[in-house]
Amino acid sequence: MSEELTLTKTEGAAPQTGAPLLEVKGLKKHFPIKGGFPIRRTVGHVQAVDGVDLTVHEGESFGLVGESGCGKSTTGRLLTRLLDSTAGEIRYQGTDIANYSRRQMAPIRSEIQMIFQDPQSSLNPRHTVGTIIGGPMEVNGINPPGGREKRVRELLETVGLNPEHYQRFPHEFSGGQRQRIGVARALALEPKLIVADEPVSALDVSIQAQVVNLLQKVQREMGIAFLFIAHDLAVVRHFSQRVAVMYLGKIVEVGDRESIYNRPRHPYTHALLSAVPEARLDEDEEEQRERIRLAGDVPSPIDPPSGCRFRTRCWKAQDKCATDEPPLVQISGNHDGHLTACHFPEEPTILAHGEDVVMTGGGARRRTDELVTPEEEREMVEERAETETPKKMP
Ligand SMILES: Nc1ncnc2c1ncn2[C@@H]1O[C@H](COP(=O)(O)OP(=O)(O)O)[C@@H](O)[C@H]1O
Ligand code: SF4
Ligand SMILES: [Mg+2]
C-alpha cells in the first residue's frame, strides 16, 4: 500500500446492521485428481474448500483473508456459481442456490457480480469499453432511462474515468484504469453483492489505495455488499467491517474488525498480523507486538493434516490438535460474533509475549499452480452469461 496515498478512514463507517444477504454453510469444493493411463481414474481430491460457513449482510463489507492456495478464489467462484460446489448450502436472500441450474440462476446472476484479480486478462481485448460495460446490460435486457450508452458514460464517471473514452479498447488504459473498468462492469447490473477477488494485488503499489478507496466509496454510497478477498490483512483492514481468516480450506477465525485486529485469538491470525506492518495499530503497539515468522509452507490440500490443519506450523500444538478438529465457536473471552477454531487460543491481546516466535515444521506443500488462468476465468464468465441469457418474450 502506498505511503503517500492514504486510505479513507473507515472508523466512522456504519456498523453492519442489514439482514443476511448470503449465508453459507458447510461449503465444500473437492477437485478430483486424475491419474493413470489409458484410463484416467480419480486418484485423489484437492480439498480446496472444506466446510466453510460465513454470512454476508446487506450492504456489509466482509473481508476473506489467507495465504495463497488456501481456497479464497475457489470460495469466490463457488459463491458466484462460476463453479459448482461438492457440498454445502449457499443461501441467497434465504433461498439455497447451491444446486440451481443455469436457468434458475439467470434472474439472480446479475445481482451477484465479481471483480477479478487481473484487470488485464479479465477484460476482453477485442471489445470496446462501451461493449464491456454495456454488454451485460444488453444480455440481461436492461434498458436504463436515456439508453445504455448514457448509462455507460455515467458509470465511467462514477469510477473516475473519462466518459468520452467509451469507445477505447482495454489496452489503451493503465492497469489501475482497467480495474476501474472492471468495477464499472460489475456496477452495470446494479448488483446487491460484489465478490472482489484480490482486486488490487496485480496493481502497482502506488495505485492500490486509489482503487480500494473507489471500492469503498461504491460500497458505502450504493449500499452494495462486498466479499473482499485478499492475501494479507493490510488491505482488508481499511475496507471491511468483518473479517474471516482462512487456512487450508477452512475458516479459522472470524469477527468484527476490532476483534480480528486488536483481540485475535487464533495463532494463525497472530502470525498474519505480525507479518504485515501496515496492519498494525500504531507505532507504539508495533514496537510491542510479537513478531512471528511463519516457517514452512502450507501443507498440501490433497492430504491435509488431521485434527487442526494449522498444527504442522503452530507453536502451540499439542496431542489433542492432531486428533480433534477444533470447531469454529465463540470461545470464552471473545466478543459477540467473534469465532475462533483453536483448542489452545492466544490471550485476547496483540501485545508481546517476549522474544520472536519462529514457527517450525510444515509438510511439503504441493502448490498446484493456478489451475484456472485469468483468461479461462473470463471465458467462464462469458460462457455463463451467454447460456443464461434470459429468453426474451416474443
Ligand atoms: N480447477 C482446479 N482444479 C484442481 N485444483 C484446483 C483448481 N482450482 C484451484 N485448485 C487448488 O485448490 C487450492 C485452492 O486454490 P485457490 O482457491 O485458487 O486459492 P487462493 O485463491 O486462496 O490462492 C489450491 O491448492 C489450488 O491449486
Ligand atoms: S488447535 Fe492446536 S494446532 Fe490448531 S491453532 Fe490451536 S493450538 Fe495450534
Ligand atoms: Mg486466489
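Some ground rules. This is a predicted model, where local features need pLDDT of at least 70, side-chain atom pairs count only at pLDDT 80 or more, and totals for chains, interfaces and linings use all residues. Residues are numbered from 1 along each chain as its sequence is written, while chains are lettered from A and ligands numbered from 1 in the order in which they are written. Helices (H or I, at least four residues) and strands (E, at least two) are DSSP runs, numbered from the N terminus.

Start with ligand 1. It is surrounded by 15 residues, and the closest are Phe31, Ala48, Lys72, Ser73 and Thr74. Surrounding residues have a C-beta atom, placed from the backbone, within 6 Å of the ligand. Helix H1 gives the largest share of this shell, 3 residues. Strand S2 (41-57) and H1 each supply at least two. By class, the shell holds 7 nonpolar, 7 polar and 1 charged residues. Nonpolar covers Ala, Val, Leu, Ile, Met, Phe, Trp, Tyr, Cys and Pro; charged covers Asp, Glu, Lys and Arg; the others, Gly among them, are polar.

Now ligand 2. Its shell includes Cys308, Cys314, Cys321, Cys342 and His343.

Pro267 is one of the buried residues of helix H10. Why call H10 largely enclosed by the rest of the structure? Because 8 of its 9 residues are buried. Buried means 20 or more other C-beta atoms within 10 Å of the residue's own; exposed means 12 or fewer; partly exposed is in between, with C-beta atoms placed from the backbone.

Next, a helix pair. H6 and H7 (residues 205-222) pack at about 15°, with axes 10 Å apart. Axes are lines fitted to C-alpha atoms over the stretch in contact, and angles run from 0 to 180 degrees between N-to-C directions. So H6 is roughly parallel to H7, a term for angles under 35 degrees. Val183 and Leu187 are among the H6 residues that meet H7. Contact means C-beta atoms, placed from the backbone, within 7 Å.

Last, two loop residues. Arg81 is not a glycine, yet its phi is positive, about 65°. Arg81 sits between H1 (72-79) and strand S4 (87-92). Glu190 also has a positive phi, near 50°. Its loop joins H6 (175-187) and strand S7 (193-197). Are they buried or exposed? Arg81 is buried, with 22 other C-beta atoms within 10 Å. Glu190 has 14 and counts as partly exposed.

Key
Parallel < 35°, antiparallel > 145°, perpendicular 65-115°, else oblique. Contact = placed C-beta atoms within 7 Å.
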